[in-house]
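Work through the exercises below with the model open beside you. Try each task before reading its solution.

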Amino acid sequence: MGGTDQGRATRRSPATPNDTDGKENGGGVTRNLPSDAVINLDHGDPTMYEPFWRKLGDKCTIVIKGYEHLSYFSSNKNPCWFLEPKLEDSIRSLHGAVGNAETDGYTIVVGTGSSQLLQSVLYAVSPPDQPNPMNVVSAAPYYSCYPETADIVRSGVYKWAGDAHGFDKDGPYIEFVTSPNNPNGVIRGPVVNRDGGIVVHDLAYYWPQYTPITSSLDFDIMLFTASKCTGHAGSRIGWALVKDKDIAKRMVNFMTVTSIGVSKESQLRVAKILQVVADGCKRFGSPDGDNLFEFGRNMMAKRWEILRETVKKTQMFTLPKYPLQHCNYFGDLTQAHPGFAWIKCNDGMEDCEEVFKGSKILVRSGRRFGSDPGYARVSMMSKDDEFNGFIDRLSSMI
């Protein structure tokens, strides 16, 4: 295997000049990593968006004065009493502009990221008086945090039951459907399809920089997060679109007990950001460069092109292929450019995570996703220096 080949000329991410070393770069700052640095691509930390937000400058700046927003309460009109009206308006505006989800007739529930919303959904849809815990399943490879989410509180009303493909138990169940899927980026639907089931659609990546938007979805429970939409993971804001008001109220009850609502500062910041994104949504090719999804798709498409070219040369790995589909948002035929690369190690390499670790690249093993350890998930959403370092080391693997 080996480290960085200093003499190898590799293609770079589109926003990164080849000769940068701590220089300004399109509003961001890019640095070349030391050859012995560990590159952490295990987490889906969406830092690739930093140049876009730097370029926009103060457009998303808000000022909160010391006497403002002291109350727990935000709205008397919404079952989610701690949801800031500005955030609700911007969420509806953004989905309307992108066309990826219906919002009319839905209650919006805000959470501390989609992680808290997952917990609240499990609580809300599980009857408290059933004799046995409700089974929670998802089709492998599933999001690696689902088992922990279902089992961490050792609830008596629900429990993790594994891969939906092998689920054969009687009785009610909850199925998480992640689409596009984390880790492999494919579009999915429910697998179990039996009476008594409740399907929760985790749509964190159903945005046009990652996948073609083929329809405006209208499922019963849909989860989204600012982390993967705009890159603002640190603000910890997610939202659920919920058809059934009783389920929405139980979700709110869960968050009332566990956290007494969600930070108003985070909500107001994300409300401003989402509205800026919505306002720039239809300005394609604008000289101001204020279309986030155009920026994101261009970057993701270029990174996937570079990765596929590199993988083809090494002949050590295999990547998924995605079909061409018409994207209603961009109005063209395109394929998916997922936030993660689901990489298979070839030639009898049984532990893909260890293969990358040998080149000081941290990835997440397929084991964590209920899959084969011959696979690994690699984040495609890192800063340019980390992505370029990853490509350099991938190129030098033997």
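The model is predicted: local features need pLDDT of at least 70, side-chain atom pairs count only at pLDDT 80 or more, and totals for chains, interfaces and linings use all residues. Residues are numbered from 1 along each chain as its sequence is written, and side-chain values use heavy atoms, with hydrogens and water left out.

**Exercise 1.** Find the peptide bond that joins Ala140 and Pro141, and state what kind it is.

Solution. Omega of this bond is about -5 degrees, and the bond is cis. Helices (H or I, at least four residues) and strands (E, at least two) are DSSP runs, numbered from the N terminus.

**Exercise 2.** Where is Arg154, and is it buried or exposed?

Solution. Arg154 lies in the loop between H4 and strand E6 (158–163). Its phi is near 50 degrees, a positive value in a residue other than glycine. Arg154 counts as exposed because its relative accessibility is 78%. The cut-offs are under 20% relative accessible area for buried, over 50% for exposed, and in between for partly exposed (1.4 Å probe, protein chains only).

**Exercise 3.** Give the phi of Arg236 and classify its accessibility.

Solution. Arg236 is not a glycine, yet its phi is positive, about 55 degrees. Its loop connects helix H5 (226–230) and strand E10 (237–242). Arg236 has 30% relative accessibility, so it counts as partly exposed.
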